[in-house]
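Let's walk through this one together, moving from single residues out to an open space in the fold. Have your viewer ready.

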Amino acid sequence: MGSRCRHVVLTGPPGVGKTTLVRKIVSDLQAAGITCEGFYTQELRQGGKRVGFDVVTLNGKTGVLARAKPDSGNRREHRVGQYVVDLPAFESLALPLLQTRGTSPHIMVLDEIGKMEMFSQGFVRGVRHVMSQPNLTLLTTIPIPKGKPIPLVEEIRNHPDVLLVNLTRENRDDGSLHEKILTVLSTSLKN
């Protein structure tokens with residue numbers, strides 16, 4: 001934890017509740033009158049089986065992030081496992097959010113920053129821009145380290161202004177953790 005935590009980064013295994021916690025925190029921040037912009041990812045399921053992921057902006061727009069597709073051998077596809085990333089659809093929703101130039105302090109929610117999102121160099125530049133802006137505070141989720149490191153994810157994980165929260169099944173419903181995150185985010189907007 002940095003000397004002055006400004007950004008909150010949640011990490012943990014898939015399915016532990018990172019997105020659920022982000023959505024609860026955003027709801028609490030908005031109820032307190034704090035401006036939040038950004039997006040979260042949502043699983044798309046059919047017949048109980050995950051078939052893809054969508055991006056849902058906090059202002060209600062939804063678009064495709066990735067869909068499960070058999071490997072076609074097309075080397076131009078942006079693929080993570082069985083999923084093909086729809087880069088144009090993702091960028092059309094995510095990139096405008098990262099272009100924010102407003103002067104009023106607010107929270108930028110990016111759930112998640114992971115392998116699929118890394119295919120967009122515009123997104124990578126946008127995340128770095130957000131982290132460098134004194135009036136923006138980042139609330140994001142990143143994957144746990146596994147396999148080859150993702151450079152931007154490691155940069156965020158090791159940033160001196162980040163409160164890194166390792167979410168587990170044991171601590172995800174801890175009210176004091178929830179309050180600590182809210183306090184760090186609220187305080188960062190006042191500094």
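Leaving aside residues up to four places away in sequence, L44 touches K49, R50, V51, G52, F53, D54 and R67. All of this is read from a predicted model. L44 itself is found in strand β2. Its relative accessibility is 25%, so L44 counts as partly exposed, because the buried class is kept for values under 20% and the exposed class for values over 50%.

Now turn to T57, which is found in strand β3. Is T57 buried or exposed? With a relative accessibility of 4%, T57 counts as buried, since that falls under the 20% limit. Again not counting residues up to four places away in sequence, T57 touches G38, F39, L93 and L97. There is a polar partner as well: the side chains of T57 and N59 make a polar contact at 2.4 Å.

From here we can look at empty space. Rolling a probe the size of a water molecule over the atoms shows where such space is left. The largest pocket has a volume of about 1,000 Å³. The elements that give two or more residues to its lining are α1 (18-31), β2 (36-46), β3 (49-57), β8 (136-143) and α4 (151-157). In total, 38 residues line this pocket, and P14, K18, F53, E112 and P143 lie nearest its centre. Sorted by class, the lining has 14 nonpolar, 12 polar and 12 charged residues.

Terms used: Residues are numbered from 1 along each chain as its sequence is written. This is a predicted model: local features need pLDDT of at least 70, side-chain atom pairs count only at pLDDT 80 or more; totals for chains, interfaces and linings use all residues. Side-chain values use heavy atoms; hydrogens and water are left out. On a 1 Å grid over the protein atoms alone, a cavity is a set of points where a 1.4 Å probe fits but cannot get out, and a pocket is an open set with protein on both sides within 12 Å along at least five of seven lines; lining residues have an atom within 4 Å of a point. Grid points are joined across faces, edges and corners, and a volume is the space filled by probe spheres set on the points. Helices (H or I, at least four residues) and strands (E, at least two) are DSSP runs, numbered from the N terminus. Ala, Val, Leu, Ile, Met, Phe, Trp, Tyr, Cys and Pro count as nonpolar, Asp, Glu, Lys and Arg as charged, and the others, Gly among them, as polar. Buried means under 20% relative accessible area, exposed over 50%, partly exposed in between (1.4 Å probe, protein chains only). Contact means heavy atoms within 4.5 Å. A polar contact is a pair of N or O atoms within 3.5 Å; within protein, one must be able to donate a hydrogen and the other to accept it, and residues adjacent in sequence count only if both atoms are side-chain atoms.
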